[in-house]
Amino acid sequence: MIDVRHVRKEFADVEAVKDVSLHIQRGSIYGLLGSNGAGKTTLLKMMAGIYKQDSGEIFVGGEPIFENTTMKQKLIFLPDALYFFPQTTIWQMAQFYKDVYPSWNEERFWRLQDVFPIDVHKKIHRMSKGMQRQAAFWLAFSAMPEVLILDEPLDGLDAVMRQKVKNLLVQDVAERNMTVVISSHNLREVEDLCDHIGILHKGEIIVEKELDDLKADVHKIQVAFRGGVPTAFLTGLHVVYQEQRGSVLLCIVRGQKERVESYIHQFEPVIFDVLPLTLEEIFVYEMGGIGYAIENIVV
Ligand SMILES: Nc1ncnc2c1ncn2[C@@H]1O[C@H](COP(=O)(O)OP(=O)(O)OP(=O)(O)O)[C@@H](O)[C@H]1O
């Protein structure tokens, strides 16, 4: 759905995005992670057709996005600093959205009143930061976009509202194959939502992974043997981290789960458990060499 090919963007004194390429499939939720100043907002604004790249190409739905009015009617970008017309209410903004987005769904707009408990006739600029963000989501979900690009979308929302918004996102992806791109500093915040993760560091994508592949391939194991760890034990495993805790050996290993398990059983351990890994652990252990970048997004 979104194809970014060798894209660069430079501002006066900084190369914000350097030769970035990525592909985001229709119906997926893509998490764009990175520390402050990594280039996330710049990249998202190019994907949304707001900034023009200096070089490279960006296609959304197979078409170049910049100045493409037809495609932009199917795409919504929610920036980190929200903008509404001065003095407007949610209802007035809804009239504007209705004109701009052909897929606007009036019935859904009124139904979503149950999710967002805000008076539609209240002036948006008088609302709290979190309520303004709710208003932005309310309008975006009612416009039924094919592509939703979100820059730090959950900032300012309370825990209950975060969950409601996440549920609506997942529902739209499942039911109408909406494509979502979410930028965040925080891996934990988006780990239950995204199916793909890209990590941007100093303008470059340093890691891009499908989460199911990642989770299927890394395991945390706990083993103990009568008489200590056999000498040959570790040689047949791809160990990325190990720690001895008394008589128990804790290891993070890579490889197919069944193969790892059958290998370990040969050594007849007295204790053997495969423990769940958080996404944070997977990134930190898997990407050891680039840990400096990962640390900032798993805080
Ligand atoms: N309009 C602009 N003019 C000049 N420099 C800019 C502009 N926008 C971004 N930059 C610079 O480009 C780099 C990337 O900024 P960007 O806002 O894309 O990062 P980010 O990953 O979104 O950061 P954050 O997480 O802090 O929001 C930074 O060095 C920033 O100072």
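The exercises below work through a predicted model of a protein chain with a ligand.

**Exercise 1. Overall layout**

Task: State how many helices and strands the protein chain has, and what share of its residues is buried.

Solution. Begin with secondary structure: the protein chain contains 11 helices and 14 strands. Next take the extent, where the C-alpha trace spans about 75 × 45 × 30 Å along its principal axes. Then turn to burial: of the 299 residues, 33% are buried. Finally, look at sequence separation. Among contacts with a separation of 6 or more, 71% are between residues 24 or more positions apart.

**Exercise 2. Helix H5**

Task: Check the span of helix H5 (residues 129-143) against expectation, then determine how many of its residues are buried and what covers them.

Solution. The expected span is 1.5 Å times one less than the number of residues. For the 15 residues of H5 this gives 21 Å, and the end C-alpha atoms are 21 Å apart, so the two values agree.

For burial, the criterion is 20 or more other C-beta atoms within 10 Å. By this criterion 12 of the 15 residues of H5 are buried. The buried set includes Met131, Arg133, Gln134 and the run from Ala135 to Ala143. The cover over these buried residues includes strands E6 (75-78) and E7 (147-151), together with helices H3 (90-100), H4 (106-111) and H6 (159-176).

Last, inspect the residue just after H5: methionine 144 has a positive phi of about 50°.

**Exercise 3. The nonpolar core**

Task: Identify the members of the largest nonpolar core that touch the most other members, and the element that gives the most to this core.

Solution. The core has 64 residues, and those touching the most other members are Met47, Ala140, Ile149, Val180 and Val181. H5 gives the most to this core, with 9 residues. At least three core residues come from each of domain 1 (2-202) and domain 2 (213-295).

As a further step, take valine 180 and set aside its neighbours within four places in sequence. What remains in contact with valine 180 is Ile29, Tyr30, Leu148, Leu150, Leu169 and Val173.

**Exercise 4. The ligand shell**

Task: Describe the residues that surround the ligand by number, by element and by class.

Solution. The ligand is surrounded by 13 residues, of which Phe11, Ala16, Asn36, Thr41 and Thr42 are the closest. Strand E2 (14-24) and helix H1 (40-47) are the elements that give two or more residues to this shell. H1 gives the most, with 3 residues. By class, the shell holds 5 nonpolar, 7 polar and 1 charged residue.

**Exercise 5. Two domains**

Task: Give the distance between the domain centres and describe the contact between the domains.

Solution. The assignment gives domain 1 (2-202) and domain 2 (213-295). Their C-alpha centres lie 38 Å apart. The contact takes 6 residues from domain 1 and 4 residues from domain 2. On the domain 1 side, helix H7 (187-190) and strand E9 (196-201) each supply at least two residues. That side of domain 1 has 2 nonpolar, 2 polar and 2 charged residues.

**Exercise 6. Arginine 26**

Solution. Not counting residues up to four places away in sequence, arginine 26 touches Met1, Asn177 and Thr179. Its C-alpha atom is separated by 8.7 Å from that of glutamate 146, a residue 120 residues apart along the chain.

Terms used. Residues numbered from 1 in each chain as written. Predicted model: local features only at pLDDT ≥ 70, side-chain atom pairs only at ≥ 80, totals over all residues. Helix = DSSP H or I, 4+ residues; strand = E, 2+ residues; numbered from the N terminus. Contact = placed C-beta atoms within 7 Å. Near = placed C-beta within 6 Å. Nonpolar A, V, L, I, M, F, W, Y, C, P; charged D, E, K, R; others polar. Core = buried A, V, L, I, M, F, W, Y, C linked by C-beta atoms within 7 Å. Domains from an automatic or database assignment.
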